[in-house]
Amino acid sequence: MFILVNLKAYPCDPIEVATAARDVAEESGVRIAVSPQAADISRVADTGVETWAQHVDPNDYGSHTGSTLAEAVAEAGAVGTLINHSENRLKLADIDGSIQAAERAGLETCVCGNNPAQIGAVAALGPDSVAVEPPELIGGDVSVATADPGIVTDAVDAAANVDEDVDVYCGAGISTGDDVVTAEELGASGILLASGVAKADDPRAALEDLVSGL
């Protein structure tokens with residue numbers, strides 16, 4: 001299982017979370033990555049933790065003020081990127097363009113979708129992975145794996161029907177080790193979470209709980 005921690009724009013200490021994630025990953029053998037704000041990518045990557053961008057835009061070098069250039073986040077130390085998170089939605093053509101930009105820069109890609117139908121659609125664009133995240137459960141206390149396990153299994157099937165090489169991650173409301181185990185049992189190969197770690201009083205303890213059942 002892959003654990004991808006999205007820090008969003010939460011008022012947390014990205015270095016504290018990154019250091020905790022690095023240490024727990026080393027001790028447990030579980031793959032853990034942290035996705036900070038673009039301005040913090042370099043500092044987070046310097047801790048040695050696997051680092052992902054929260055977004056890249058579908059453009060190359062040029063006159064694109066305000067864009068997040070895939071090459072720039074790669075040079076800062078990111079090895080992957082989220083695309084089309086529920087809080088930063090893109091049109092299908094732009095998702096395709098962002099995937100191509102990420103691949104051009106050598107970044108691994110995870111494209112988010114709200115439901116199994118969207119997961120099937122974005123899987124057809126050839127990302128490395130997809131993450132199913134019902135918006136109504138994002139940031140809540142109930143995980144999608146518990147609230148509606150059918151969404152996870154249907155998303156796994158939808159992606160497999162398009163491209164069996166695309167991994168499926170489970171997002172929205174994931175916060176405990178039990179959630180991670182349930183997601184794995186439903187066929188997910190990773191989880192995407194944010195507040196469960198970023199808002200935790202003790203990020204290391206939260207991460208240790210997440211990997212406890214693996």
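Is Lys 8 buried or exposed, and what is its relative accessible area? In this predicted model, Lys 8 is buried, with a relative accessible area of 11%, where buried means under 20%, exposed over 50% and partly exposed in between (1.4 Å probe, protein chains only). Local features require pLDDT of at least 70 and side-chain atom pairs count only at pLDDT 80 or more, whereas totals for chains, interfaces and linings use all residues. Residues are numbered from 1 along each chain as its sequence is written, and side-chain values use heavy atoms, without hydrogens and water.

Lys 8 lies in the loop between strand S1 (2-6) and helix H1 (14-28); helices (H or I, at least four residues) and strands (E, at least two) are DSSP runs numbered from the N terminus. The phi of Lys 8 is positive, at about 50°, although Lys 8 is not a glycine. Most residues other than glycine have a negative phi. Asn 84, in the loop between S4 and helix H4 (92-104), also has a positive phi, near 65°. Asn 84 counts as buried at 3% relative accessibility.

Strand S2 (residues 31-35) and strand S3 (residues 50-53) run parallel and are joined by 2 bridges, pairing being assigned if DSSP finds at least two bridges between two strands. Val 34 has Thr 51 in S3 as its bridge partner. S3 is in turn joined by 2 bridges to strand S4 (residues 80-83), again in parallel, and the bridge partner of Trp 52 in S4 is Gly 80.

Asp 167 is found in strand S7 (residues 167-171) and is partly exposed, with a relative accessible area of 36%.
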